[in-house]
Amino acid sequence: MSGMRSTGRLHIGHLFGVLEQWVEYCKTADAFFEIADLHAFTTGFTEPQAIRDARNEMVVDWLAAGVDPSASTFYLQSAIPEIMELQALLAMITPVSWLERVPTYKGQIEALGQEIATYGFLGYPLLQLCDIAAFRGERVPVGRDQLAHLEFGREVVRRFNYLYGEGVEVLVEPQATLTEAAEVPGTDGRKMSKSYRNDILLADDEATTVEKVRSMITDPQKIRRHDPGHPEICPVFALWKLVKPAHVPLVEETCRSGALGCVQDKGDFAEALNAYLRPIRERRKVFAGDIPQVERIIAEGSEKARTVAAQTLADVRRAMKLT
Ligand code: TRP
């Protein structure tokens, strides 16, 4: 089980960090992928229309990346009342201090301001646990930034099973599975992120991609074309490893020796990236042109997800003697 907040179009950081792993999960696991629109509300509650618009854009990107809805379940968080019911029930046993201790809580308030310090935002990791626990999710592919949320969730599950399980694991402790490329650098060398405006979108056209790659920072000590470079600190080099590993030894050698200049390298890289993204972008166009189909995929997945979540909730209610 995994999910993404519906906050907009996806970039290649999502592709290499998460979506390619989702594609693999579809082949081997009974996977659930969530449009976390309620989580989007925790920080974006003043903009419901933006959250609504982002829903289909995001799913179009999932489909473009090759995540297969016929081999997995796409669902909309807000369409599953059982998730919110579970949140209300687990809230009874969740110490506020555990929530306050999660690093993203204070960190995000510092970054985004006191306005987001709502009850809902404090409960973000609990809601996330409910997303997972409602489906008894065992493995959760996420980036490093989500590990604290998973650890918090495991503690709540342990507490629930200890208090009400009578020796049975009513809820399952979820395990995070990290991707190697969980942190993809953006054009400025920081982690790729929409809020840093350093991203390259799946939805970008080829000319925009070339422009963005041209603007990328490289090794600041490589000033003239023939200066020897240090690929280990260059974000273009880091992206080469993801886009075309076979080409990496040549880039590394010629960059270090000074034979390869940054302008040339970026031109080559933009071409390789566009070639890599071409089939994804073609699929994207097809799905973006058929929104009714996208909405059908979400509706059908949500219906299926509800059936599964209802089972878990029945067990939770029984364990809590709420029948
Ligand atoms: N918090 C996750 C993020 O910001 C998104 C998310 C919501 C999620 N619910 C989830 C991830 C459940 C994994 C499982 O990226």
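Predicted model: local features only at pLDDT ≥ 70, side-chain atom pairs only at ≥ 80, totals over all residues.

Colleague: Which strand is S72 in?

Modeller: S72 belongs to strand β3, which covers residues 72–76.

Colleague: And is S72 buried or exposed?

Modeller: S72 is buried, because its relative accessibility is 9% and the cut-off for buried is under 20%.

Colleague: What does the side chain of S72 reach?

Modeller: It reaches the backbone oxygen of D68, at 2.8 Å.

Colleague: Switching to the ligand. How many residues surround it, and which are the closest?

Modeller: The ligand is surrounded by 14 residues. The closest are H39, Y124, Q128, D131 and Q146.

Colleague: How far is a polar side-chain atom of D131 from a nitrogen atom of the ligand?

Modeller: For D131 the distance is 2.7 Å. Q146 also has a polar side-chain atom by a ligand nitrogen, at 2.9 Å. In the side chain of Q128, an N or O atom is 3.1 Å from a nitrogen atom of the ligand.

Colleague: How much of the ligand does the protein bury?

Modeller: The protein buries 89% of the 360 Å² that the ligand exposes when taken alone.

Colleague: Which elements give two or more residues to that shell?

Modeller: Those are β1 (2–5), β2 (31–36), α8 and β4 (139–142). The largest share is four residues, and α8 supplies it.

Colleague: What is the shell made of, by class?

Modeller: Six of its residues are nonpolar, five are polar and three are charged.

Colleague: Back to α8, then. Where does L127 sit?

Modeller: L127 is in helix α8, residues 124–133. L127 is buried, because its relative accessibility is 7%.

Colleague: What is L127 in contact with, apart from its neighbours in sequence?

Modeller: Beyond four places in sequence, L127 has contacts with L38, H39, Q77, I83 and Q87. Take L38: it is 89 residues from L127 in sequence, yet their C-alpha atoms are 8.7 Å apart. H39, another contact of L127, is also among the closest residues to the ligand.

Colleague: New topic: cysteines. How many disulfides are there?

Modeller: The count is zero.

Colleague: Is C262 buried or exposed?

Modeller: C262 is buried, at 18% relative accessibility. C130 is buried too, with a relative accessible area of 0%.

Colleague: Last topic, backbone angles. What stands out about R136?

Modeller: R136 has a positive phi of about 50°, although it is not a glycine. Most residues other than glycine have a negative phi.

Colleague: Where is R136 in the chain, and how exposed is it?

Modeller: R136 is in the loop between α8 and β4. R136 is partly exposed, with a relative accessible area of 26%.

Colleague: What about R197?

Modeller: R197 is not a glycine either, and its phi is positive, near 50°. R197 is in the loop between β5 (175–178) and α10 (206–214). R197 counts as exposed, because its relative accessibility is 76% and the cut-off for exposed is over 50%.

Conventions. Residues numbered from 1 in each chain as written. Heavy atoms only, no water. Buried < 20%, exposed > 50% of the residue type's maximum accessible area, 1.4 Å probe, protein only. Contact = heavy atoms within 4.5 Å. Near = heavy atom within 4 Å. Polar contact = N/O pair within 3.5 Å; in protein donor to acceptor, adjacent residues only side chain to side chain. Areas by Shrake-Rupley, 256 points an atom, 1.4 Å probe, with all protein chains shown as cover. Nonpolar A, V, L, I, M, F, W, Y, C, P; charged D, E, K, R; others polar. Disulfide = S-S within 2.5 Å.
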